[in-house]
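Q: Please show me how to read the features of a protein model, one at a time. I would like the general idea and then an example.

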Amino acid sequence: MVMLEATKKLDYFCSIKQFFMKISYRWLSEYMEGIPSPEVASELLTSTGLEVESVTAFESIRGGLRGVVLGEVLACTKHPNADKLTLCRVDIGGDSPLSIVCGAPNVAVGQKVPVATVGCTLYPFGKEEGFTIRRSKIRGEVSEGMICAEDELGIGPSHDGIMVLDTKAEPGTPAASYFNIFDDTVIEIGLTPNRTDAMSHLGVARDLAACISFREKRSSKVLWPPMDLPSSGNNSLPVEINIQNHEACKRYTGITLSDVKVGDSPDWLRNKLTAIGVKPHNNVVDVTNYVLHELGHPLHAFDYDQIADATIEVKNLAAGTPFTTLEGTERKLSADDLMICDTRKPLCIAGVYGGLGSGVTEKTTRVFLESAWFDPVSVRRSAKAHGLSTDASFRFERGADPHITVRALKRAAMILCDIAGARISSEIVDAGEYATTPPKTEVSLRLDRLQTLIGQEITKEEILSILELLDFSVTKDQHHTLLLEVPSYRCDVTREADVAEEVLRIYGMNHINIPPNIPVAFPVETTSGTRLLIKKFSAHLVHNGFFEAWNNSLTASGDTITPQEESLRVSVLNPLSQELNMLRDNMLMGLLENARHNINRKVTDLKLFEAGKTYHIIPGSSPEGVVTQRYDEQDKMGLLMTGYSTDESWRASRHEFTFWDIKEVVVQLLQLAGIKGEPVMEVFGGSNHLMPAAACLDHEQQPYVLIGKVADQMAMKAGIKQPVWYAEINLSRLLGVISDQPVLFAPLPRFPDVRRDLSLVVDQHITYHQVEQVVKKVAPKLIHHVTLFDVYESGNLPAGKKSYALAITLRDLEKTLSDREIDQVMDRIVAKLGKVHGAVLR
């Protein structure tokens, strides 16, 4: 079978539809009372729309050091059969000591050491594969375990020798207890992009608590973490905030910390971040990531000493301004990029990525913390333009909570004071429109409409209870209509239907009764136009051994036939990535990629087709001479044939696809569409991608069919070394051609057909199409069909000549043709061909 490629572009396009959020169960339990088990919590979350994809165990050291205990080395003797091995007797708190062969040079009597017992599995540091300890003989001596080094336990990279532990360690103590292994359960949730409120542990706790409180009728409160800053009264490091683009930044808050000791984070912080897949960096960066995953709001930390004149300016810079991001890449800014700057230079792409030189390093002692609200459109435009996707940009793009900026700032500052020795050195600066007039969204909810949308009657008391649990405030109760104020963190709730969805999530989809009778309206198919052609053509092609391909209509710059056509392609304003930034302008490139994919997997005989739209820019000018352009969208079908049409067999040689094979398929499709007889094709020297080529032209002399061989250079560029034949049907233009040919009824012929063969010698440059046109014009009412059944070129013919053998079918609808009438027609044909093309009978 043919393996059609699911392209990487399409995979990527699909994968971004869902965001996967990892939630630490231990961490989650800090924010709510009476949390159920991970399994029950997962079921409840899934029922509220936060679909749990997986529940997995996490351990700070892989394997949890199960089977590893502490031991004491009682005796060491030299191995009788190996100079570098030692025979040890080790007490692990059991009935008798273990015999262990050790290769470490630092093993000695009296040491307390970690011992991996028989049957336990270890995962060495930096390796994916683990190994299991077995009772074995090493150079003839029995070994009943292994005394471990740091890297063998997975604790660290050192392999300088076995780990020597505190002398107070008690033999038999589990190593997991001694090393304080952190274990947790990680719940992975698949979020739809609108649910930014659930992209944090507190957000998930809110939904889980509301669900438990309503369904189980027991109070389960959300516990906010402490956010009290130590009182200092210190304002020695003030920062001035100057917002110049008030539309893109409607709130900007900040605070300065001094005496910050940048270093490793404490174990509790590192363990929490590692459990959810976030790599720890240093205590300052880790705290900003911690608050992001705790409260859902992005923060950014600047080195205060890198902010010129202690002034932050939020503004746009001139297009082309260079800016080097954290990873060291210099980028050219767009005039649309919102930047965080000081008085001299840009520091950060707002809400997207930090700059090199302004971030926190091990030398930093003074930190400026930023917590802001940036416009989703502005952030998304910058992120996509620069090909950057970060946790911060993902949240800002979908709408952050403007009310939580100060809370998040206080939370981060409080933790840094606790773990990094920081001191508050400024007041909290709060600037922007939302600092004084925070936004408010109100939605009117009709209770009868809610019942209709849900499909079941829910009491008003239950509705009010759910809304209260979800932090919706009732500002006006008009008995059958409620005016609700939406919580600021739910920027996706803007309509009555959104509120109904929220009520239904907590009420529970499983609690909606299924009616005994479900009315179903069956759609009536009214396929017409190009869709009807696609349906007919697809069925015919599949029945004739073709496979249908589906490619993404979004492609990358350069995926076009010629560089000259690049300027006429339609670009996407906010592309998903640089690989998906243009709309396709042809069907060929996708089919070539499909062919390459299959040929590389030894499927070399291919018949593929694809139907879809192509997109083009058509330049023009107004009557005043102003240059204009319009967008054109066309329905097309591409056909590709390469390799052989027959399998290998001892009975006959294989037939390789040629121009005539693909032409025959195209003719069948055109006749299926309603074109009478064999369509007229103009043959020309070729194009940039097809050579030689033929085309069918409409009444405006525009081609609606192109057929030819893909140019060798283009095929080689696509990674294909064998000949490729391609045809493209412009379905939009074909419709216009079909409409010019009305369908007429004709009865079955009552009188027999007569066939006469004719062998002619013509000049080499005379095409069959030219001969056919002359023959049909001689007696159009009698000549029913003309077929070319042989072409002969040999040294027996005069130089510059070739021979055509024609089969001519004649029919008279009124009577049976006589031999005399047939001979007269044939004589006229020979005379006319001789006069027009110099043809002679052979």
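Q: How does Asp712 count by relative accessibility?
A: Asp712 counts as partly exposed, at 49% relative accessibility. The classes are buried (under 20% relative accessible area), exposed (over 50%) and partly exposed in between, with a 1.4 Å probe and protein chains only. This is a predicted model, where local features need pLDDT of at least 70 and side-chain atom pairs pLDDT 80 or more, while totals for chains, interfaces and linings use all residues. Residues are numbered from 1 along each chain as its sequence is written, and side-chain values use heavy atoms, leaving out hydrogens and water.

Q: With which residue does Asp712 form a salt bridge?
A: Side chains of opposite charge can pair when their charged atoms come close. The cut-off is a Lys or Arg side-chain nitrogen within 4 Å of an Asp or Glu carboxyl oxygen. Asp712 pairs with Lys709, their closest N and O atoms being 3.6 Å apart. Lys709 is also partly exposed, with a relative accessible area of 21%.

Q: How many salt bridges does the structure hold?
A: There are 42 salt bridges in the structure. One of them joins Lys272 to Glu30, with 2.6 Å between the closest N and O atoms. Lys272 belongs to helix 7 and Glu30 to the loop between helix 2 and helix 3 (38-47), so this pair ties together parts 242 residues apart in sequence. Helices (H or I, at least four residues) and strands (E, at least two) are DSSP runs, numbered from the N terminus. Lys272 counts as buried, at 9% relative accessibility, whereas Glu30 is partly exposed at 38%.

Q: Which distant parts of the chain does the pair Asp605 and Arg654 link?
A: The side chains of Asp605 and Arg654 meet in a salt bridge at 2.7 Å, N to O. Asp605 is in the loop between helix 17 (588-599) and strand 31 (606-621), and Arg654 in the loop between strand 32 (627-642) and helix 18 (659-673); the two residues are 49 apart. Asp605 is partly exposed, with a relative accessible area of 27%, and Arg654 counts as partly exposed at 27% relative accessibility.

Q: Which residues are linked in a network of salt bridges?
A: Arg195, Asp197, Asp207, Arg490, Asp492, Glu502 and Arg505 are linked in such a network.

Q: Back to Lys272's helix: which residues of helix 7 are buried?
A: In helix 7 (residues 267-275), the buried residues are Leu269, Asn271, Lys272, Leu273 and Ala275. They pack against helix 2 (25-29), strand 2 (51-59), strand 12 (183-191), helix 8 (283-295) and helix 11 (405-419); contact means heavy atoms within 4.5 Å. After helix 7 comes Gly277, whose phi is positive, near 85°.

Q: Where does Cys348 lie, and what is Cys348 in contact with?
A: Cys348 is part of strand 20 (residues 346-349). At 3% relative accessibility, Cys348 counts as buried. Setting aside neighbours within four places in sequence, the contacts of Cys348 are His300, Phe302, Phe323, Leu338, Met339, Ile340, Tyr353, Gly354 and Gly355. By contrast, 50 Å separates the C-alpha atoms of Cys348 and His480, which are 132 residues apart along the chain.

Q: What order do the strands of the open sheet of 4 strands have?
A: Two strands pair if DSSP finds at least two bridges between them. Here the order is 38-39-37-40, with antiparallel pairing. Strand 38 (783-792) and strand 40 (840-841) are the edge strands, each pairing on one side only. Strand 37 (residues 754-763) and strand 39 (residues 801-810) pair antiparallel over 10 bridges, and Val761 has Ser803 in strand 39 as its bridge partner.

Q: Which strands does helix 22 touch as it packs on the sheet?
A: Helix 22 (residues 819-837) touches strand 37, strand 38, strand 39 and strand 40, and its direction makes about 15° with that of strand 37. Helix 21 (residues 768-778) lies across strand 37, strand 38 and strand 39, at about 150° to strand 38. Axes are lines fitted to C-alpha atoms, for helices over the stretch in contact, and angles run from 0 to 180 degrees between N-to-C directions.

Q: How many bridges join strand 3 to strand 6, and how many to strand 4?
A: Strand 3 (residues 68-78) runs antiparallel to strand 6 (residues 112-117), joined by 5 bridges, with Gly71 opposite Val113 in strand 6. Strand 3 is also antiparallel to strand 4 (residues 86-91), with 6 bridges; there, Ala75 has Arg89 in strand 4 as its bridge partner.
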